[in-house]
Amino acid sequence: MARQFDNFYSHGAISFADFINCVSSLYTGPDCIDEGTLRLLAEMLYRLSQNKQFLAAQVAGGNKYTHHPRGLLDNDDLYVLYEQQQPFFGVYAQIWHPTLKRGKARGFNPPLRDYNFSALTTNYFGPGCGSKLYQYEYRQDLKQGEHCALSFLQFYQFTSENVLFTEASKDAIAQALPKSLSITISLRLEKNEHPCFIFDKSSKRVLGVITDVNCEKAGVTSKMGLLEV
């Protein structure tokens, strides 16, 4: 279930290399994700976010990273800064634009979707994004058109002082447009193989199914598991 971490013991900025080393020593796989480990990982991510030079250095310094010019929505860019396959974890930077890169922002209705990975996320630059957080009950046989136990939790505002944990196959998120350009950084901790879902908030039914290869939703196609709207 989604929850916030704050009031961290240490506030000193750390380097990207030190952050990766800390995560590698703390995270041994999904079975190790208890409250104490999550708080330590959240504190490490918070301390990385206090380093206001690392992202520019990581992107501009010739390091290997992947840039998806279109991220999960039509107003974000996703940078894959680091990925480890066994056990899987990844570090990502997401640039959120205040307006859509295509068309008009008027009437923007962000899709409500889940993710098949757990993640810790914090704000790195700008005023921060807002998100509507929901929880649902995952079933292996859940498919398009079916009703699910979907419930609203809260509206969450990302800040540089807090870290949000969202849980794989339990939490669903509808991303709002930020007031001005904002950047979040996140640590993804596990990756399940099952598809993800797009939900209809009013009917509490599955509106679409997202796979790793493509996504079909009302004639909209997504590649590499990244939703385009």
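# Helices, strands and loops in a predicted model

Helix α1 spans residues 16-26, and its buried residues are Phe-16, Phe-19, Ile-20 and Val-23. Viewed down the axis of α1, these buried residues fall within an arc of 95°, so they line one face of the helix. An α-helix has 3.6 residues a turn, so residues three or four places apart point the same way. The face of α1 turned away from the buried side carries Asn-21 and Ser-25, both exposed. This is a predicted model, and every value below is computed from it.

What lies over the buried residues of α1? The cover includes two helices, α2 and α3 (54-60). It also includes the strands β3 (76-85), β4 (88-96) and β11 (182-188).

Take α2 next. The axes of α1 and α2 come within 10 Å and cross at roughly 175°. That angle makes α1 roughly antiparallel to α2, because angles over 145 degrees count as such. From α1, the residues that meet α2 are Phe-16, Phe-19, Cys-22, Val-23 and Leu-26. From α2, they are Thr-37, Leu-40, Leu-41, Met-44, Leu-45 and Leu-48. By class, this contact has 10 nonpolar residues, 1 polar residue and no charged ones. Phe-16, Phe-19 and Val-23 take part in the contact with α2, and these residues are also among the buried ones of α1.

Stay on α2, which runs over residues 35-49 and holds Tyr-46. Is Tyr-46 buried or exposed? Tyr-46 has a relative accessible area of 3%, so it is buried, the cut-off being under 20%. Beyond its neighbours up to four places away in sequence, Tyr-46 touches Phe-8, Ser-10, His-11, Ser-160, Glu-161 and Val-163. Ser-10 is 36 residues away from Tyr-46 in sequence, yet their C-alpha atoms are 9.3 Å apart in space. With which side chain does that of Tyr-46 make a polar contact? The partner is the side chain of His-11, at 2.8 Å.

The loop between β1 (3-5) and α1 holds Asn-7. Asn-7 has a positive phi of about 50°, although it is not a glycine. Its relative accessibility is 70%, so Asn-7 counts as exposed.

Ser-169 also has a positive phi, about 60°, and is not a glycine. Ser-169 sits in the loop between β9 (163-166) and β10. Here the relative accessibility is 8%, so Ser-169 counts as buried.

Now go back to β3 and β4. The loop between them holds Pro-87. The peptide bond from Gln-86 to Pro-87 is cis, with omega near -10°. The loop between β4 and β5 (112-114) holds His-97. Its relative accessible area is 19%, so His-97 is buried under the 20% cut-off. The side chain of His-97 makes a polar contact of 2.6 Å with the side chain of Asp-77.

Strand β10 (residues 171-175) contains Ile-173. At 13% relative accessibility, Ile-173 counts as buried. Which residues touch Ile-173, apart from those within four places in sequence? They are Pro-111, Leu-112, Arg-113, Tyr-115, Ser-131, Lys-132, Leu-133 and Thr-166. Tyr-115 lies 58 residues from Ile-173 in sequence, and the C-alpha to C-alpha distance is 8.6 Å.

Ser-131 has 1% relative accessibility, so it counts as buried. Outside the four places on either side in sequence, Ser-131 touches Gln-154, Phe-155, Tyr-156, Phe-158, Ile-173, Ala-174 and Gln-175. Of these, Gln-175 joins Ser-131 through a side-chain polar contact of 3.2 Å.

Note on methods. Residues are numbered from 1 along each chain as its sequence is written. This is a predicted model: local features need pLDDT of at least 70, side-chain atom pairs count only at pLDDT 80 or more; totals for chains, interfaces and linings use all residues. Side-chain values use heavy atoms; hydrogens and water are left out. Helices (H or I, at least four residues) and strands (E, at least two) are DSSP runs, numbered from the N terminus. Buried means under 20% relative accessible area, exposed over 50%, partly exposed in between (1.4 Å probe, protein chains only). Contact means heavy atoms within 4.5 Å. A polar contact is a pair of N or O atoms within 3.5 Å; within protein, one must be able to donate a hydrogen and the other to accept it, and residues adjacent in sequence count only if both atoms are side-chain atoms. The arc is that of the directions from the helix axis to the C-beta atoms. Axes are lines fitted to C-alpha atoms, for helices over the stretch in contact, and angles run from 0 to 180 degrees between N-to-C directions. Angles under 35 degrees count as roughly parallel, over 145 as roughly antiparallel, 65 to 115 as roughly perpendicular and the rest as oblique. Ala, Val, Leu, Ile, Met, Phe, Trp, Tyr, Cys and Pro count as nonpolar, Asp, Glu, Lys and Arg as charged, and the others, Gly among them, as polar.
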